[in-house]
Amino acid sequence: MGELQGLGAALSEAERTGVEIIAVSPDSNEQSQKVADGLRLSYRFLADRDLAVTRRYGLVHPGGGPDGRDVPRPATVVVDRDGVVRWFSVTHNVQVRPDPSDVLRAIRGL
Amino acid sequence: MTAGWLAALSVVVAAGAAVAYAWLLRIALVRNHPEGYVIAFAVATMLAALAVRRAKRRRWPAWLALAFSSLLLVAGAWYNFVGARVPGGPTALRVGETAPDFTLSDAAGRPVSLASYRGQKPVVLVFYRGHW
């Protein structure tokens with residue numbers, strides 16, 4: 001969640017309305033809503049319960065969750081108005097997420 | 001520095017690093033350098049070892065500090081270099097190619113499709129592990 005908050009804080013008001021930040025996880029809608037409410041964020045939280053989308057993106061970490069559950073590899077993707085991937089970052093350590101300034105640079109460079 | 005003070009300093013460095021990391025997690029510079037806490041635990045362990053060497057009469061504070069800091073060092077190093085590791089490998093992402101389209105439900109149960117943003121606004125997709 002630190003990444004989402006860092007990103008939100010780094011974007012200017014104008015930028016925040018001009019970009020859609022979508023958070024995808026296997027969490028159910030209920031759980032996502034709790035997270036969204038708790039953090040008072042205006043991001044879209046989407047539920048990828050069976051990891052179908054995560055799999056389509058090649059981002060599954062097999063057995064990486066508790067009970068050996070499959071989980072997503074944390075990643076950030078910047079997609080432009082034409083639906084084209086312009087920048088992405090996949091982490092090698094769950095504690096580490098891309099620097100908001102790197103994401104910002106990618107957004108501002110669109 | 002006496003053994004007592006060294007032992008105390010060791011505990012302050014170790015506990016302080018753990019607390020500081022947790023507390024400052026929101027700051028990218030802190031969060032993205034978890035090896036920092038491993039280094040701090042290593043420093044604390046060295047301070048405690050020094051305390052054990054110097055202790056003449058009351059030895060238990062030095063040994064306690066050594067146990068505390070080395071425990072944090074082992075646990076912290078294991079977590080940072082093993083437990084928190086995410087495997088590498090290719091993704092389906094290619095810069096310059098269209099992002100795979102999808103439709104998923106949002107928190108209100110409404111379907112949201114990535115393609116619907118085309119011609120509207122850029123999208124930042126953040127894949128995260130979720131909470132359990």
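Select strand β1 of chain A (residues 20-25) and strand β3 of chain B (residues 123-127). In this predicted model, β1(A) and β3(B) pair in the parallel sense over five bridges. Strands here are DSSP runs of E, at least two residues, numbered from the N terminus, and pairing requires at least two DSSP bridges. Within the pair, E20(A) stands opposite V123(B).

Next, show the residues of each chain that contact the other, contact being heavy atoms within 4.5 Å. The selection holds 68 residues of chain A and 52 of chain B. About 5700 Å² is buried between the chains, 59% of it from carbon and sulfur atoms; this is accessible area (1.4 Å probe) lost on putting the two parts together, summed over both.

Now go to R44(A) and D106(B), whose side chains meet in a salt bridge at 3.2 Å, N to O. The rule (a side-chain nitrogen of Lys or Arg within 4 Å of a carboxyl oxygen of Asp or Glu) finds two salt bridges across this interface. Return to β1(A), which gives the most to the side of chain A that touches chain B, with six residues.

For selecting, residues are numbered from 1 along each chain as its sequence is written, and chains are lettered from A and ligands numbered from 1 in the order written. Local features need pLDDT of at least 70 and side-chain atom pairs pLDDT 80 or more, while totals for chains, interfaces and linings use all residues; side-chain values use heavy atoms, leaving out hydrogens and water.

Methods
Helix = DSSP H or I, 4+ residues; strand = E, 2+ residues; numbered from the N terminus.
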